[in-house]
Amino acid sequence: MQALVEHYSKKGWLQRVEQCVLHMDISSLDFNQVVLLCREHRLHGALIYLFNKGLDDFRTPLEELLLVLRNCQREAAGALGYRMLVYLKYCFQGLAFPPGRGCISPARLQSVRKELLQFLLEDSSASSSWATVELPSKAPYPNLCHLLELDTDATLNVLGFAFEDNGISTSNYLSMDLTNTDVDSVEVKDLGGENEKLVQEVIDVLSVILDKSYFQRCCSTTNDGDRLVETWPSEKDAGCIFEFIARYVACGRAKVSGNILSHILEYLTLDAGISSVHTIESSKRREKQLLALLEVVPETDWDAPYLLHLCEKCQFHQACGFIHAIRHQHLASLDSYMKAMDEPIHAFSFIRDMMQQLHDKESDAFRVEVISRIPDLVILSREATIFLVVEHFYGQIQQILFSELQSHPKSLFLYLKTLIEVHSTGNLDFSCLSKGGGLENSTGIMSRHESDRVTAYLEALVDFPKILRNNPIHVTDEMTELYLEVNIQDLVLRCC
């Protein structure tokens, strides 16, 4: 073996040596000699294979790779760090490494995950020679910190694979794809409480890292003092950690301190106008995360007035609606939902929910307020407004037409147009509602009550033809004339 390595080394073909090791029967090798050769020539793939296959040892290769990572130059550290992340990803998924070597036994998978996570969560330290972004002095949990500093997004993505089998997948939470190989998830037996304990440990460690680095950070310099270097984590990196923690708190798998919760809420409600980094898509994602979080965390753990102020500032209208609703401020809640113009389903599903929940004087007062908002609701969604009227205000169609809409030409035109469509076709196209308010978003998570309410509303829309049979729409001559009149006025205005 030594001769083979020397021969290929002289020709610069060390990768062929690694391929040879991967295809050899381990029992026929001098294990210690081959391990030494792999260490000397940095054949990391072969080294991983030897320990995994020969000794059923998944932790030692990670220790060795991290030791090399800490002491190699920056150029080499990046490639090695990502190789570590790929190794962890495969192990957490139940796949043997290097790729194409089969699967880890389902009976062994949970213990492998636990061993690797425990190593990452160890509070030991060693210096690194390659960092251009310095970890804070005496950084806690350096094994994990080194990977987070290398690529926070990718590391959190990989950590999520360790907890997939409980039904809350985080593999798509971040977009970083560490390998071009498509792999099928491996079903494993869930060990319940043991897995949840690991989730909480990871969240606790991330919270400590934030507490001792991000919240207390200060500028640092390189050893020679010639230049300033950025202190990790950056604001973007901390944001990724906040979102990761928030996800597991929102799905009820972890808890955090009041301090961490406050920072998460403040991060999620950052004003989108402050930075160009916060696109509309990311703003929507953060609002959905906030909603899911608020449903799980007791109201006593957060300051409702202050959070409402933050939500109003960053125009999180659905979150404002939720906060008003849990404080039984139904009209304020409705007005907030109506401001979410791109997802009108939330306003209409809220109205329907309140119609079913409220009784007596509260119900009567709410109905009056809803009718007074018909002109704005028509603009929000003419189809959903007609469904609302047919289902809850069938006997007041004429009143709404001549009392509430006369002074709102655009709303009047849309209302009449939709009534005529219903009369002639017996149905309406509600597809715009389901597109605007789908049950999932880019984070793959929605608050349970919000999801249930929207689901119930969408199911009710399916029954619209049946409701129409019991409550048919009658278009009178007066309504037709009014529609034509408004339509002509609209055309004249356009021509002018």
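**A cavity, a helix pair and some local details**

Good morning. About 40 Å³ of space lies in the largest cavity of this structure, which is a predicted model. The structure holds one cavity of 30 Å³ or more.

Which residues line the largest cavity? They are Phe-348, Ile-351, Arg-352, Ala-384, Phe-387, Leu-388, Glu-391, His-392 and Tyr-457. Two elements give two or more residues each to this lining, namely helix H17, residues 345-357, and helix H20, residues 382-392. H20 gives the most, with five residues. Sorted by class, the lining has six nonpolar residues, one polar residue and two charged residues.

I turn now to a pair of helices. Two packed helices are described by the angle between their axes and the distance between the axes. Here the pair is helix H12, residues 258-268, and helix H13, residues 280-296. Their axes come within 9 Å and cross at roughly 145 degrees. The crossing of H12 and H13 is left-handed.

What does each helix bring to the contact? From H12 come Leu-261, Ile-264, Leu-265, Tyr-267 and Leu-268. From H13 come Arg-286, Gln-289, Leu-290, Leu-293 and Leu-294. By class, eight residues in this contact are nonpolar, one is polar and one is charged.

The next topic is charge. Side chains of opposite charge can pair when their charged atoms come close. How many salt bridges does the count come to? The count comes to 15 salt bridges.

Finally, I would draw your attention to the backbone at two places. Most residues other than glycine have a negative phi, and most peptide bonds are trans. Against that background, the peptide bond from Phe-97 to Pro-98 is cis, with omega near 0 degrees. Pro-98 lies in the loop between helix H6, residues 74-93, and helix H7, residues 106-120. Tyr-141 sits in the loop between H7 and helix H8, residues 142-150.

Thank you for your attention.

Notes
Residues are numbered from 1 along each chain as its sequence is written. This is a predicted model: local features need pLDDT of at least 70, side-chain atom pairs count only at pLDDT 80 or more; totals for chains, interfaces and linings use all residues. Side-chain values use heavy atoms; hydrogens and water are left out. On a 1 Å grid over the protein atoms alone, a cavity is a set of points where a 1.4 Å probe fits but cannot get out, and a pocket is an open set with protein on both sides within 12 Å along at least five of seven lines; lining residues have an atom within 4 Å of a point. Grid points are joined across faces, edges and corners, and a volume is the space filled by probe spheres set on the points. Helices (H or I, at least four residues) and strands (E, at least two) are DSSP runs, numbered from the N terminus. Ala, Val, Leu, Ile, Met, Phe, Trp, Tyr, Cys and Pro count as nonpolar, Asp, Glu, Lys and Arg as charged, and the others, Gly among them, as polar. Axes are lines fitted to C-alpha atoms, for helices over the stretch in contact, and angles run from 0 to 180 degrees between N-to-C directions. A crossing is left-handed if the near helix is turned anticlockwise from the far one by less than a right angle, and right-handed if clockwise. Contact means heavy atoms within 4.5 Å. A salt bridge is a side-chain nitrogen of Lys or Arg within 4 Å of a carboxyl oxygen of Asp or Glu.
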